[in-house]
Amino acid sequence: MGSVTSFFGGLCRKQVKIEEERLFRANDRPYNLSYQYANNAIRTSKYNVFTFLPLNLFEQFRRLANAYFMFLMVLQLIPQISSLSWFTTAVPLILVLSITAVKDASDDINRHTSDKQVNNRMVNVLIDGELKKEKWMNVQVGDIIKLENNQFVTADLMLLSSSEPLNLVYVETAELDGETNLKVKQALTVTGDLGDSTDLLAHFNGEVRCEPPNNRLDKFKGTLSLDGQTYSLDNDKVLLRGCTLRNTEWCFGLVIFGGPDTKLMQNSGKTTFKRTSIDHLMNVLVLCIFGFLASMCAILAIGSAIWEGVGAGLTSFLSFWSYVIILNTVVPISLYVSVEIIRLGNSFYIDWDRKMYYPKNDTPAHARTTTLNEELGQIKYIFSDKTGTLTQNIMAFNKCTINGKAYGELFDFSGQRVEITEKTERLDFSWNQLADPKFIFHDHSLLETVKEGNPEAQDFFRLLALCHTVMPEEKNEGELYYQAQSPDEGALVTAARNFGFVFRSRTPESITAMEMGKQVTYELLAVLDFNNVRKRMSVIVRSPEGKLTLYCKGADTIIYERLHPSCNKLKEVTTRHLNEYAGDGLRTLVLAYKDLDEDYMDKWRKRHHEASTAMDGREEMLDELYEEIEKDLQLLGATAVEDKLQDGVPQTIEQLAKADIKIWVLTGDKQETAENIGYSCNMLREEMKEIFVVAANTPEGVKEELVNARKKMCPESADEPSVISSRAGLFWLQKIERVEDEKVEGEYGLVINGHSLAFALEKDLHLELLRTACMCQTVICCRVTPLQKAQVVQLVKKYKQAITLAIGDGANDVSMIKAAHIGVGISGQEGMQAVLSSDYSFAQFRYLQRLLLVHGRWSYLRMCKFLQYFFYKNFTFTFVHFWYAFFCGFSAQTVYDEWFITLYNLVYTSLPVLGMSLFDQDVNDRWSSQYPQLYTPGQLNLYFSKKMFVRCMLHSCYSSLILFFIPWAAMYDTVRDDGKDIADYQSFALLAQTCLLIVMSVQLCLDTFYWTAVNQFFVWGSLASYFAITLTMYSNGMFLIFTSYFPFIGTARNSLTQPNVWLTIFLTSLLCILPVVAYRFIVLQLRPTVNDKVRHKLRKEALPAPAPRRPPTRRISTRRSGYAFSHAQGYGDLVTSRRFLLRLPLKSRPALFSQTDSPLAQNQPQHYRTIAEGQEDAQSP
Amino acid sequence: MVKEEKEIANRPDNTAFTQQRLPAWQPMLSAGIVIPGFVLIGLAFIGIGVALFVTSRSITVLEIDYTGIEKDSACFKCSNADVKNCVCNLEFSIDSLFEGPVFFYYGLSNYFQNYRKYAASRDDEQLSGDLDAFTAPSDSCSPYDYNGNDKPIVPCGAIANSMFNDTFVLYRVVNGANKLVPLDGKGIAWWTDYNVKFRNPSVTPLKNAFNNTVKPIFWPKPAYQLDASDPANNGFINQDFLVWMRRAALPDFRKLYRRITDGEYAKGLPAGNYSLTIAYNYPVQSFEGRKKVVFSNVSWMGGKNEFLGIAYLVVGSLCVLMSIVMLIVYAKFKFPEED
């Protein structure tokens, strides 16, 4: 009922002119209602009981195909034209319409239930000075509602007051933007003072004036007028529907936007409808076919005019339309239905695939869009996110070197490196009650060294426990959680924790740690924070004994410059270890310390205080001070953190590369990290001739770097890109520009930075970028914003005319996922935003290989085979009518029985072809993965294109000639063996249709590679059903009951008993089939495709064993990359500020730092980000 | 235990169907099958072709055009549409015994019984003896459903209206005297047409059923008087009517008129001279049609049709030839085994 009212409400609202400004008063329902703002009921359903039929039919007839068939049916109702009974079109059309209607209805019922469920959620609303439980849908603009912890935000609210200090609330915005880290909102002080007093709140009569409903999640503008004062409202004061309240006992809010006006609803439902290239091709072909149909009909109409003689204008006009009806079977309605069924079936296979099911978090793969399957077999470019997609976003403290001794690797007795697997024995940390049980380390010697009391080792872990900006959270005694700015830091602090140096709590002035079971509190004198230039961070602490120490960690090159000369020897050893770590693709940090003396420190602190309060040049002065104190450091060692790749990523990338798919990594990470991952997942290789880095800061610089790179790869390449312009699409309206691929000797890599990319994506440079990038084997774009990700995808899409796939897991990948032809979301992780806007989702990157090389390839193969066969079968069917026209005075007489025409596509030939297109496989999944080369025909569009279509038409033409003229010649002037009639129309029709059906069945068998029992059943079953149905329809009984509908009585009995009829059928079938067999055989011998070769091989060899997993090889690298810091400014200020430490000590703290590696480059509480434009500014990935 | 079950709640079923592992047979076009297959099919076709050809050759056909377009034709005088009740005599001779049973056909050329509107112009309800359809013929019969006085036409429609109405009498000329050759008009139509599809209304006498109806415009006599000699052969189950109503698929067709099976002619028509007396009623000149009479005997494969035999021979030879070509291609290029 609610939906009905809101529907009519919606109708009424539409008449109201567009809202320009929203004005309402708190606690004043009558006043607010006068503006007719939408209440909080939402309605995502499309129909109700009364509107379903007309609206749904209207929707359906908006589809061109349905409207066309409707038009045909109307034509058939005109007696002068009707060459076929109305049922030949009506039966299939009604069937199709009702199937679609049932599907739409069930979808809509689901939407109704979910609407109802959401609308009936309860919330506390302040009505007449009392808090009352009220349904969500009854909440009005201007109501004050109370939210409690972990509740969903009911509508878009202005925050009034909260239980937390400073009127803060914490919200999780996962449903809006996919980020799981908490965000802080703060109410105005003036409203915050209302507290939770219902009295005060009930008398609150502020007036809000704000922007009209819109879909920008990151912006809000408005004012609150209260007692003559005006306060400005911004996004910071607004809670959006779709968020969840966290870590906040309660809060009060004033409803600003309800239901359909909320930003969540305004953002939804604008998904662009993706269509595959086959769809586009099909549209073009169908249009060509219509043109072809029109010309055939025109020829026959002219024929009719000639045949009829003088004054036959009207007859020939009518005959044109009659032939339109008869020949319309070239585009049968079942084409669209069958295509949908095939895609749906192939989507189910993806959902059902156990090899794409991830048991660890119980996530199966899911085809969220069921209409794009065959495109999975044509992917040419993959755009991948890094974090969470290629990597697990888990940092593991993997190795370290302390005082010249390396730890973390296992060796067997002969000194060989032992590969660490799941089964390798782990270190037992049970002696340490505060240890993190999830921490895994294998090398016993490190633990022993620490336990022995080795001072360097202890200092090493002490440093890790003290020098960081992590926030601890201890919910219960001993249950420690760390909120780290970057996962790297978290990993290091966790490592220290497990090795007995437990960071426990911090205040702005102190850090408390458990050192080997003993509680020690350090006085925190200064935090010398990390930034991008410094690439290091330090803390200065005073131990309980009064010793002053500076602990520093940072990138190797930076720290090395600041070491005391006495460390030179140690430096050499450590460098060797660092090189090894770099070779393993680990992210490293060098640790050093320095003892300070009291006097110096006092002076320094004074200067520091002066500097940090200075008005001018504060930054520079601080930098200078930091520089001064961070020198003559003593080297402790280095850590190596593994940015854990997801399982099987390098192998997957290798296989995809073999399938000639190009993979571009688009990441928000900094260059070093991205390069590092590039190496560890085999995209960048040492054998590459060169890896170009584009990092210039000016358009000219970028251009120069790009051109230089291109000239290096291909010196003879032209200055101007060769752009091929052509036209395509419906009516050839679409202009297409294509940049040709250029051949390059050897392999190259390209790394391009975000700021350079911004220039490169400009109009004048984007082709340059495309050319250079496409010459490289591997392209890595780092520091890119979500918008740039989408732009890169669109660039390739536009100028390469290639099918693109984007894969990612986070909200920042959404734009790219939506821009690409196919979007894949990594599911089972925290955010859902990427999955929600994706077309396919699964839990692990490695499943991409199976999705493309197995499912995609099969889907493409099946769809192409289906289309080829389908067009063949209908063209042949129709052409026979064309030939017959020359023998029946162009009178639009059908060759076949009307019932045969009705049932041909619907019953006799539908299941066999569906069987083929649901079960066929050229080679099985193992072989498909074994030979990624099998994928390339799809990329080149070899299996179905305009050329194939023309070939298909010629084949049909041949077959139809045989199918008409052989029976014609065989039956000409002949009689039965008892002298009676057999050359009559009905016998001829039966003969022609039997020949046709047998030829079609045999042709299908010839096309089928993979004969399952189901295929057999469908083929034989369809043939059997043809004979059964025919005999039934031609029986006495049917004639006696429905005399005028079954005039073919007795035809089957009289003609199928004749030997010459069967001899004709036999001859016709073989004449249609044998040339095809011979042609295919000869082509197979002369020019076998990859496919044929593998199929041939498959017959001789046993199934290949799955490729053994190679142990990762260590590369000899001189490149030092990926130091373990996020690129953003640290949180040093924050942890030393008092703002977040005002709260009661034992209370749980909000998760201020995200678990992702994407903290914002701001020290303030974070705000919503949009997914679309406008996020470049504050955006880091 | 419960927890474990929950953890794999979403795991897809492991069936051959869902995992696309259904057992299957994967045939390929290998030389071992294709080449011998072509040879075998070719040989079989040549065999069948020879049999068909020989059989077809053994069938005797005698065709005589009697349209009367040519001036020297016996029926030239009748070709003028103004001449009513014209009768012409056609003389012909047979050199050797025309083996029986001999079937006597009339043939029409350039006659489009398959023209859509013509073909649809009938009422199967009426023809199956439905009296309701007698008073109200189907629209499909239009314009042959009612006469000028709004009386229903029975049988309605263009097909019935245009029924072939030339009649033939065959004489054997023995010593200058004409001796009647008995023609058998029974059982020339399909059993199903005679017994199921076409029924007279169960009204006796049959004439009463046709009260308040008129005969088709071109018909000289109403349907219940089609065969004066045999009262049972009247109405819609008249054999000639049935044969006519089974309309031809192609514009050149022949239809069975009579069988020559009686007495001394059971073995066939002996050699000698014959005279065919034709009551020339059916006009064909207006559409440049041709009329002919055909005498033919049949074999197991039906009437004379040399096409099928020749086609089998040609296709068979092509198959053998093709197999040789394929063998050469196979031997020369062979399927590359490498990579």
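Reader: Hi! Which loop is A:Asp973 found in?

Author: A:Asp973 sits in the loop between helix H33 (946–971) and helix H34 (985–1007) of chain A. Helices (H or I, at least four residues) and strands (E, at least two) are DSSP runs, numbered from the N terminus. This is a predicted model, where local features need pLDDT of at least 70 and side-chain atom pairs count only at pLDDT 80 or more, while totals for chains, interfaces and linings use all residues. Residues are numbered from 1 along each chain as its sequence is written, chains are lettered from A and ligands numbered from 1 in the order in which they are written, and side-chain values use heavy atoms, with hydrogens and water left out.

Reader: Thanks! What is phi of A:Asp973 near? And is A:Asp973 buried or exposed?

Author: Phi is near 60 degrees, a positive value in a residue other than glycine. A:Asp973 counts as buried at 12% relative accessibility. Buried means under 20% relative accessible area, exposed over 50%, and partly exposed in between (1.4 Å probe, protein chains only).

Reader: Nice. Switching to the interface: how many residues of chain B are in contact with chain A?

Author: 89 residues of chain B are in contact with 95 residues of chain A, contact being heavy atoms within 4.5 Å.

Reader: And what is the area buried between them?

Author: About 7,900 Å², of which carbon and sulfur atoms give 62%. Buried area is the accessible area (1.4 Å probe) that two parts lose on being put together, summed over both. On chain B's side, B:Gln20, B:Arg116 and B:Trp190 supply 11% of the area buried against chain A, more than any other three residues.

Reader: Good to know. How many salt bridges are there between chain B and chain A?

Author: The count is 3, a salt bridge being a side-chain nitrogen of Lys or Arg within 4 Å of a carboxyl oxygen of Asp or Glu. A:Asp984 forms a salt bridge with B:Arg246, and their closest N and O atoms are 2.5 Å apart. Helix H10 (residues 306–333) of chain B gives the most to the side that touches chain A, with 12 residues.

Reader: Which strands of the two chains are joined by bridges?

Author: Strand S38 (residues 1011–1012) of chain A and strand S1 (residues 24–25) of chain B run antiparallel, joined by 2 bridges. Two strands pair if DSSP finds at least two bridges between them. A:Trp1011 stands opposite B:Trp25.
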